[in-house]
Amino acid sequence: MIVLRRWVWPGLKFLVFAAIAVALVRLAFFAAQPPEADKVPTGKIDDPVVTVEKGDISNDVEAKGTIRSVASTPVRATAAGTVNRLFVANGDHVEQGAAILDVRVETPVDGVTADGSPLPPKVTFSTVAAPAAGTVSGLDLVSKQPVDIGTTVARVAPESYRASATLEAAQLYRLVNRPSEATVTVKDGPAPFTCTNLSLTSAAASDSSSSDTDAADGSGSESSSGGTQLECDVPGDVTVFPGLEVTVAVPAGKAEGVLTLPTTAVQGTAQKGVVTVVTDEGKHETRDVELGINDGELVEVKSGVAEGDQVLQFVPGKEQSEDDSTEGGAVMVG
C-alpha cells in the first residue's frame, strides 16, 4: 500500500496531466484542416459599378472671399500752373463733376507795350473736377503751390463695397457662360443678397492694379497668389464692412432630366471624357463621352452611353480620394 501511495498513484496522475497538456497544445497550434482548405479561395473582389441614370444638376460655383472697399479714384490736374483756390477739404463728400480746385495758368504773350515793356502773360483758370462721387482724401495743396499737368492732387473714394473672391482654374470649366451676377453670403452678417456688375480678371493683374491705391487709402483687398479674381458690387442698402468673410455663389447653369454619372467615373470633367463600360458579358469597354455641366459630384453625359449602362465607378488607375467611398471601394463576395 505504501508503494502504491508513494509511487504508483503519483506516477499515474503525472501521465494523465501530461496527456491533457499535449492535447491542448495540439488543438491550439496544430488543428486538423482538410488538405484542400488552403487551395480554395473564400471570396473574390469585384470593381464597383454605377448605373447611368437620369437626374437634375444644379451647377453653382462657390468661392470664399472678403468684402473690400471700392478703390479710390485719383484726381489729376488738367493744366500746369499754381493753385488758385481750393473748393473742398479732406473728408468732404463730393458728387461726380464737383469742383475740387482751380489752377491759375499763365500763358506768355508775344509783343510789347507802348513803352517797350513785354506784354503781361495771359491768365486763365482751369477747374479740376471730381471724376466720381465719394469722399475726398489726399488733398494736401496750399494756395499758389505749383502743380504739373497730370499730377495727382487728391483722391475720391466711393462709399461703396465689392465682394471679392478667387476662383481656382478648374472651376472656370464649370462656367459655361460668362456670369453677370452672383449670390453673396456674409459670415455672421445679413441674409444672402444678389450682387451685380460681376467681373472676372486675372488675380495677379488685379493685385498689381490695386497695389498703388491700397497704399494710398488702405482700402484694398487681400492679395491672391493666383487664379481668377471674381468681384461684384454690394447693393447700397446692404450693410457690410471691409474684411468680412463671404461665400460667393455663381449660378452657372442647370440641367434637368439628363443622363448623369459621378465625376469619379469619368476621366476628364469638361467637354470630353472617357468612361469604362461593363458589358453584359462582364468585359470592360472604354468609350469616349461628351460632357455637359457638372456640380462637382455629378456630371452631365450628352452622348457615348445610354440610360441603364453599367460603368466602373472609379477610373481605372486613378487614385481614389478619401471622399470617394463605396463600402471601402470594392465589394467582397463569398
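Buried means under 20% relative accessible area, exposed over 50% and partly exposed in between, using a 1.4 Å probe and protein chains only. The model shown is predicted, with local features needing pLDDT of at least 70, side-chain atom pairs counting only at pLDDT 80 or more, and totals for chains, interfaces and linings using all residues. Numbering runs from 1 along each chain as its sequence is written, and side-chain values use heavy atoms, leaving out hydrogens and water.

**View A. A nonpolar patch on the surface.** Here Val-16, Phe-17, Ile-20, Leu-24 and Leu-27 together show about 550 Å² of accessible area (Shrake-Rupley method, 1.4 Å probe, with only the protein chains shown as cover). Patch members have over 30% relative accessible area and no salt bridge (a Lys or Arg side-chain nitrogen within 4 Å of an Asp or Glu carboxyl oxygen), and nonpolar side chains are joined within 5 Å. Leu-24 sits in helix α1 (residues 2-29), a DSSP run of H or I with at least four residues; strands are runs of E with at least two. Leu-24 counts as exposed because its relative accessible area is 54%.

**View C. An open sheet of four strands.** The order is β4-β11-β9-β6, with antiparallel pairing (pairing takes at least two DSSP bridges). β4 (73-76) and β6 (93-94) are the edges. Four bridges link β4 to β11 (residues 152-157), and Pro-74 has Arg-155 as its bridge partner.

Terms used: Patches are made of residues with over 30% relative accessible area and no salt bridge: like charges are joined within 9 Å, nonpolar side chains (Val, Leu, Ile, Met, Phe, Trp, Tyr) within 5 Å.
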